[in-house]
Amino acid sequence: MAETVLEARGITAGYVPDLPILRSVSLKVAAGQVTLIVGPNGAGKSTLIKAIAGLLPVSEGRITLDSREITGIRPDQLTARGIAYVPQTDNIFRGLTIRQNLDLALRGAGAEGTSRLEALLAQFPALAEKQRDRAGTLSGGQRQFLAVAMALATAPRLIMMDEPSAGLSPKAAEEVLIHARGLADEGRAVLLVEQNVKQALRLADHCYVLAEGRNQLDAPARDLLGDTVLGEIYLGKRRLAPESGAA
Ligand SMILES: Nc1ncnc2c1ncn2[C@@H]1O[C@H](COP(=O)(O)OP(=O)(O)OP(=O)(O)O)[C@@H](O)[C@H]1O
Ligand SMILES: [Mg+2]
């Protein structure tokens with residue numbers, strides 16, 4: 001069995017008090033695996049990632065990292081404990097150079113900063129070549145790789161990526177998703193939100209389907225390829241009854 005790194009149990013959370021977006025949502029993320037979250041627009045996928053990242057108050061439920069409770073812990077402290085988050089939008093500083101972006105991401109790295117920078121530049125040669133250019137001049141795919149590099153600068157055990165392939169060409173999208181798989185193969189736990197469902201199902205290990213802020217279904221990713229239930233959930237033809245929050 002793969003080692004569980006993150007577990008969320010019965011999470012209820014939202015942006016405004018008494019107006020929950022997520023209702024009793026649960027999931028597990030294991031080391032060495034890509035755990036995928038899919039679901040229609042507005043399902044609560046980004047909200048779930050933000051709640052795990054400590055950016056939203058969790059009114060019910062528990063989140064644990066390596067079996068230790070992290071519910072309600074500040075985002076900077078979660079970073080120190082090994083959680084990194086690549087947001088869906090605005091995930092780099094376009095007006096700064098690539099190097100300045102990386103330096104910002106490395107500011108908590110202390111004595112390891114130099115070696116981590118060297119490792120990142122070796123891992124992302126296209127970024128290394130353009131270190132002095134403004135990040136806004138990068139292609140869409142390169143910008144996503146910069147955002148991923150910034151997350152990796154914190155040496156995370158868990159990296160959460162919110163729709164990293166959105167808006168990219170098919171080739172760049174494929175590269176970004178293959179890279180996410182590679183991060184898991186190196187032993188990290190990867191939590192991936194994707195609208196590119198088929199492609200993501202092919203490389204993920206396990207998939208959670210959210211709709212209307214609730215767990216609808218979860219299964220090994222390959223089992224959902226070609227499964228009609230997934231399409232029905234997307235089209236709103238099939239939903240759990242509002243009372244029956246999945247565990
Ligand atoms: N900052 C916010 N303040 C209030 N409500 C919000 C905020 N962001 C999102 N919501 C609401 O929360 C619900 C879930 O949104 P969320 O962004 O989590 O969906 P999503 O599954 O990530 O969708 P998408 O596929 O479009 O990215 C939606 O009803 C949305 O309107
Ligand atoms: Mg989203």
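H179 counts as buried because its relative accessibility is 17%, where buried means under 20% relative accessible area, exposed over 50% and partly exposed in between (1.4 Å probe, protein chains only). This is a predicted model, in which local features need pLDDT of at least 70, side-chain atom pairs count only at pLDDT 80 or more, and totals for chains, interfaces and linings use all residues. Residues are numbered from 1 along each chain as its sequence is written, chains are lettered from A and ligands numbered from 1 in the order in which they are written, and side-chain values use heavy atoms, with hydrogens and water left out.

**H179 and helix α7**

- H179 sits in helix α7; helices (H or I, at least four residues) and strands (E, at least two) are DSSP runs, numbered from the N terminus.
- Setting aside neighbours within four places in sequence, H179 is in contact (heavy atoms within 4.5 Å) with Q123, F124, F145, V148 and L152.
- V148 is 31 residues from H179 along the chain, and their C-alpha atoms are 9.4 Å apart.
- Helix α7 covers residues 170–185, and its 16 residues should span 22 Å at 1.5 Å a residue, which agrees with the 22 Å between its end C-alpha atoms. The expected span is 1.5 Å times one less than the number of residues.
- Besides H179, the buried residues of α7 are A172, A173, V176, L177, A180, R181, L183 and A184.
- An α-helix has 3.6 residues a turn, so residues three or four places apart point the same way.
- Cover for the buried residues of α7 includes β3 (34–38), α4 (113–123), α6 (140–152), β7 (158–162), β8 (189–193) and α8 (197–203).
- G187 follows α7 and has a positive phi, near 110 degrees.

**Ligand 1**

- Ligand 1 is surrounded by 13 residues (a heavy atom within 4 Å); G42, K45, S46, T47 and Q195 are the closest.
- By class, this shell holds four nonpolar, seven polar and two charged residues.
- A side-chain N or O atom of Y15 is 3.4 Å from a nitrogen atom of ligand 1.
- A polar side-chain atom of E163 is 3.3 Å from an oxygen atom of ligand 1.
- A43 places a backbone N or O atom 3.1 Å from an oxygen atom of ligand 1.
- The protein buries 61% of the 640 Å² that ligand 1 exposes when taken alone (Shrake-Rupley method, 1.4 Å probe).

**N101 and helix α3**

- N101 lies in helix α3 (residues 98–105).
- N101 counts as buried because its relative accessibility is 0%.
- Beyond four places in sequence, N101 is in contact with I92, F93, L96, A135, L146 and M150.

Conventions
A polar contact is a pair of N or O atoms within 3.5 Å; within protein, one must be able to donate a hydrogen and the other to accept it, and residues adjacent in sequence count only if both atoms are side-chain atoms. Ala, Val, Leu, Ile, Met, Phe, Trp, Tyr, Cys and Pro count as nonpolar, Asp, Glu, Lys and Arg as charged, and the others, Gly among them, as polar.
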